[in-house]
Amino acid sequence: MELPHRLAGRKPDLWADIVVAAAAVGLAAAGRMLVDLFAPGVVAYAFVFPAVIFASLVAGARAGLIATICCELLIWYYVIPPRRDWNISIPDMIGLVVATISLIITIWPVSAFRATALRLREEQQRHVELLSLALREVDHRTRNNFQIAASLLLSRAAGQPDPHLRDELQAAAGRLQSLASVYSNLALSSADLSTVLLHDHLREVCDRIREGMLPAGVSLSFDAEPVQVPAQKAVAIALIVNECLTNAAKHAFPDGLGAVAVWMRPEGDNILLTIEDDGKGRDPEGDAGTGSKLMTVLARSLGASLLVTSATTTDHGTRCELKVPLAD
C-alpha cells in the first residue's frame, strides 16, 4: 500500500496507478501464457480477477479499473476465438461484458477495504505521535522539576553552616541532577522513549562532577564505547557513577591534586564500568556511608556485581568496578 505514495512523490498519481496496473496485467499475462503452453484458451478469465484485486488493493479503484480494461482487451484479442482478431460472437461478447461487470463490482469492496485500512493506519499513526508528544512533554516537565529541586537543595547547602549537612544536601542535589539528565538523553536516544545511550549519559554525569565538585588540580577522563540500555537501568548505573565520583571528589584528594579515570566497555553479555582514582585510598576500617549503601542497593537491583578495591594502575587510590548484565 506504500508503493503508490512512493511513486507519487516522483510522478503524478495517475502514473503511479498505471505502473501498478501494468504490473498486475503483466502478471496475469504471464500466467495466461504459461497455461496456454499446455491448454490453450481454457478458463479465459482465470488470472484476471487476481490481477484486478491486486491492483485495487495496492493502488485503489482507478488502478483496478485500468487493469480491468487492459485485461479484458487482451482476452478479447488474444484468447477469445478467433484469436488475434477483434471480431467476436454474441455469446462471447455477453460473457466479456458480464465478466467486466463482475470485475468492476469486485473493485468496489476491495478499494473500500483499502481506503478503510489506510484511514485506520493514519489515525493510529496520529495517535502514536500524539502519545509520543505527550510523553516527551511529561519527561520535559519531570526533568525541570528534578532540576528545580536540585537547585533548591544547592541553595540551602550554600547557606548551611554545618559542613556535614552541607555535604549531604549537595550529594542529594547531585543525585537529582543525575536523574534529571536521564530525561534529557531519553528523547535523543530512542523513538519509543524507552532506552538511553549510556555512554552519552555518563559523559554528562562526568562533566557535571568535573565542573561542579572536583578541585582545579584534579583531572577527570572519560572513555566509553557506545552502549544503549533501558532507561531504568541507565538511572541506576548513573547514580552509582555519581556516588563513586562524589566520594572521590570529597575524600580522595585532600591536597587538591590527582586524577580520576572512568571507562566503560561491553564485555560478553555484560557492561564493565570502572572508576579509578590515584587519591589517598579508602579507609578499610571506616564505616560505610549513605553513598556506599546506596551503591550496594542499586547494584543489587541491577543484578550487577560491585567491587571496591585499591587502584590497580597505581600503588594507591581506589578502584570501583561494576559489572552489569546487558539482559534484564
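In this predicted model, five strands line up as an open sheet, running β2-β4-β5-β7-β6, with mixed pairing. The two edge positions go to β2 (217-224) and β6 (305-310). Each of these has a single partner strand, so one side of β2 and one side of β6 are left without a neighbour in the sheet. Going from one strand to the next, the twist averages 10°.

Strand β5 covers residues 270-277 and strand β7 covers residues 318-325, and the two pair in the antiparallel sense over eight bridges. A handy spot to look at in this pairing is Thr274, which stands opposite Glu321 in β7.

The sheet also has a helix packed on it: α7, made up of residues 198-212.

Stepping back to the whole protein chain, the tally is nine helices and seven strands. The chain has 328 residues, and 36% of them count as buried. Its accessible surface comes to about 18400 Å², with 61% of that belonging to carbon and sulfur atoms. On the contact side, take the pairs of residues at least 6 apart in sequence: 68% of their contacts join residues at least 24 apart.

Conventions. Residues are numbered from 1 along each chain as its sequence is written. This is a predicted model: local features need pLDDT of at least 70, side-chain atom pairs count only at pLDDT 80 or more; totals for chains, interfaces and linings use all residues. Side-chain values use heavy atoms; hydrogens and water are left out. Two strands pair if DSSP finds at least two bridges between them. Helices (H or I, at least four residues) and strands (E, at least two) are DSSP runs, numbered from the N terminus. Axes are lines fitted to C-alpha atoms, for helices over the stretch in contact, and angles run from 0 to 180 degrees between N-to-C directions. Contact means heavy atoms within 4.5 Å. Buried means under 20% relative accessible area, exposed over 50%, partly exposed in between (1.4 Å probe, protein chains only). Accessible areas come from the Shrake-Rupley method with a 1.4 Å probe; for residues, only the protein chains shown count as cover.
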